[in-house]
Amino acid sequence: MIYGGQTGNNQESYPMDLIFARTVCSWLKLLTICILALLTIAPAVFGQEAYYEPIIRPMGSKYRVHKTRHFEIIFEEGNEVEAWQTALILERKLPEAQSISGLAGKMWMPVILNNSSDRSNGYVHTHPFRQEIEIPHIKGNRLGTRSNSWIETVATHELVHAAQAQAGGPWGLGKALYWLAPDAARALNLSLPPGLNEGAAVYLESEGAHAPGRLHDRRFQMHYRAAAASGHPWSLSQLFESSRYGFHANRHYIGGAHFFAWQSSKDKGLFFEKMRTKRYRSPVGSTGMSLRDATGQPLRTLLAAFRQETDPGFRRGPRQPAPIAESPGVMQRRPQWLNDSTLVVYREGLNVTPGLYRLDIHSGATKRIHPVRLPEDAWFSVADSVILYSRYVPDRFSTLAWSADIFKYDMSQKREKRLTYGARVHAPVQTPSGIWALQNDGQRNNWIEIDAAGRIQTIRDRSQADLIQIAPSEEVTAVLVRHSQHQGIYRADSNGVFVPWIFQSDNAVRELSWSSDGRYLLFTADSGPATNVFYYDLELERAYQLTDVLYGALDPVLSEDNRTLVYIDYQHERYNVVATEFSPEDGIEIPLMPISELPEISPRLELPEGFSHEPYRLGRRLRPRMFLPVAVWSSDTPERRLGLGGGLGIHGSDPLRRLTYMTEATLQARKLWGRIGVSSALGRVIGRIDIYNRPDAVVARVITEERGTRYTREVTYGERSMGIGVTFVLPLRFEANVRHTYASILAGVSSERTRWFSLDDNQVPYRTGTGQSLAEWDRSTRVDTGILVALGLQQNTRDVRPNRGTVFGIYGRADVVREHDSRQTGLYMSVRQYWSIFQRWNTNMRVGASILSQSGAGVYSRSLVLPQGHEAFLGKGTHVRLDAEILQPVWYMQDGFLTVPSYFKVLYVYGFAQRVVISSDYQGNWSAGLGMGLQFRLLHYLDMEVRASFNPLDFNKGYFTLM
């Protein structure tokens, strides 16, 4: 393109070839000191421009609203009973929850009840402030064995987080911030270590006359007891921080709850109130110093006292059989006999791909049958060569929806087949008449039968009892049931009529299995501080205890000849498979709970008269939620020439996040800029409209010729863009289990006017031939399209990067209309392939290629294809880069400090190489390096990664990256 330059009133033009590189304008938001501090403790919220993003909720979901004094219960139609129950629980428990954090704030909170996910979860989110609970609870003992109901336990747990977020405090950052951005102030309250926050919630969920919640559950206790008795008990940092590469992903729940309960026994929880109040006043403080001030003890003394007083007090127990399969950092569950010498077990762990495995009982060797991630209870059944199980299937369009469906794996054909579609079924078992399973109905389950044609027939409707497992034999069907704070076994007939059968007073019964002849019913039950293996003799009508383990015995099963008993024996961070001789005569008889003491199973709850609700409407729910000061600065050339800017941003969203918005006004380069963005979930698509008046910077490479000599100089100008853009994004999920396959499709159109302005004394150039100054408006309309596809990504617990899979992306940009210049087009493609070289050592390799083809400079950023550490000017043409990286973890630290809150996750070494192999105007060198990387967490929530390397081909060149 030929342009003309203009100086003063001199109209003489000279020829030049002016090629400018348009860079993508990235406004790095370095907020004021207050907001920057908040950024460090809430990166998930403040690490992006849009603080509120819309959510695609399941198609057809309609929400209604029931209001109480302190809560707005927003629930899906058809779940009125659960809404009424949730409202009663929250109002009753609110004073207790508020007392934990102290200085209760005025509570008014949306509580959203979703009936679209079988994963059974609940959480409190500060942006926007709300509580969300998934109504279905088709798992077994997710929150303990003594809970009245799933909703009562999870609502109580999340209410602690809600009350903590809403609590007030003395004058300080939190108080000042609350008037402008209450959601940000709530994030301050929740910025304590996650173990302390979850510990407080587990503590309250476990309070009550009948000892509900996880703190009183033997399975929850066994992990901490085993760790405390080991040679490597958890440090305070490990108690409080969530683990990324550790064996127990919920270690901070376990450790935090035990610490909170221990310290609360001394000061009634006053330490937590003091720490929360101090964090509300100032977020950038030492957690260790706060804990020391709150407890009055140095951290070393505090930890020593905690370990001493919570130590189980023993290191050895009764002699146990030697395990046939012992793998540190591996969970092994549900052994099932395949033949006389082989078991099928479910395994997952640090370096183990989740799945079903063959286990040789003589050698202990394992071989994978099928990679699959099962739900938390790891339930499956084996009949002949067919394995039956249920697993979660993601909704294709909504990230909120997951359905539990039944699959079977045929070992002879090595093929998985899906048997149900959206049936929401769990714990299947094969019977002569078909498949028996549990089917979700609200927070309870129905007992159903699925015939060969896939038809579902209900055997027993939902009641107030939690059905956990169905265990049929030829003569008797045993059903594991939790009802009225008791968990035990009922006998059931084919019509679903229950008769109380085997219960232990104050001890929960768990996993059931039958002997091949139907005489012995094996189960586990609480016995003292641990869970042990028991059996019930149908001929003698008596129950006996078979094991006496230290921490927990799980999943007992007898061999076909009734000679060998196999079970799981939990030790510190390992689940050992144990095989021993089955000797019924050696069992110790135990008393059973008189059946007459059991209350009758209550029928389904009925909605009381007068329960009122109304349709969910946006209305007043769209009021602004945050007013934030904005600082604008970039250290990148040429954007830094625009200088420092500042202004104000306003952000808002409705509780369901169906519609979000932001508006921003800033002053930079002596000009006023602004932007308005509105996003909404439109069916299965997220749509966004942006209206903007924003600055950018362009670099002009000017080639002049004087006296036969060509000179090149680069001049930076400002560019003002005013326009409107509409973008649509369609996210898709195809598989989310051991391997993940997903895609995202983007389409957008924008119409804008642009003109240049001077940043210094240089005059804005004009176009040769027309004499039109670039300071005049230039109109254009542009179309953007793109697709990102991830195929079969897989990542085990200790993989720093995926160990297999492919990621492919292609993006196109084209001018449909450009008023004065030739239309620009660009195409960018990239592909990355992952695989594991040595899976045992988590050695990962990634190779990739990037292709950039554009009709002119600056359609896409040059950084997309240039090698690391190299800068150049890329014009039109095609540019191709190849790259490779190999990464080797060398130390999983999994520990940190509280005085300067930091948690170190993994140290790794890596090597990389990048080179542009095709380019029309760039001939670059290799970019190669060897170095080290460190992943760590600051202030409990800010995950960071630091890389440093050097180039052995050029020792003067080094690289440093902060991510």
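**Entry 1: Asn-114 and its strand**

I looked up Asn-114 and found its bridge partner in E8, which is Glu-134. The model I am reading is predicted. I then checked how the two strands run. Strand E6 covers residues 109-114, and strand E8 covers residues 129-134. They run parallel, and 4 bridges join them.

Which sheet holds this pair? I traced an open sheet of 6 strands in the order E7-E8-E6-E5-E4-E34. The pairing in this sheet is mixed. I noted strand E7 (122-126) at one edge and strand E34 (614-615) at the other. Each has a single partner strand, so one side of each is left without a neighbour in the sheet.

**Entry 2: helices across that sheet**

I asked which strands helix H3 lies across. Helix H3 spans residues 80-101 and lies across strand E4 (63-67), strand E5 (71-76), E6 and E8. I read its angle to E5 as about 155°.

Next I took helix H4, residues 150-166. Helix H4 lies across E5, E6, E7 and E8. Helix H4 runs at about 165° to E8.

I moved on along the chain. How many bridges join strand E44 to strand E45? I found 11, with the strands running antiparallel. E44 is residues 804-818 and E45 is residues 825-838. I picked out Thr-806, which stands opposite Gln-833 in E45. A hairpin of 6 residues links E44 to E45.

I followed E45 to its pairing with strand E46, residues 843-854. These two also run antiparallel, joined by 12 bridges. Here I noted that Tyr-828 has Leu-852 in E46 as its bridge partner. The hairpin of E45 and E46 has 4 residues between the strands. In that hairpin I saw that Asn-842 takes a positive phi near 60°.

**Entry 3: a sheet of 4 strands**

I looked up one more open sheet. It has 4 strands in the order E14-E15-E16-E17, and the pairing is antiparallel. Which strands form its edges? I found strand E14 (380-383) and strand E17 (415-418), each pairing on one side only.

Last, I checked the pairing of E14 with strand E15, residues 386-394. They pair in the antiparallel sense over 4 bridges. I marked Val-382, which stands opposite Ile-387 in E15.

As a reminder to myself, strands of a sheet pair through backbone hydrogen bonds, either parallel or antiparallel.

Methods:
Residues numbered from 1 in each chain as written. Predicted model: local features only at pLDDT ≥ 70, side-chain atom pairs only at ≥ 80, totals over all residues. Heavy atoms only, no water. Pairing = 2+ DSSP bridges. Contact = heavy atoms within 4.5 Å. Axes fitted to C-alpha atoms, helices over the stretch in contact; angles between N-to-C directions.
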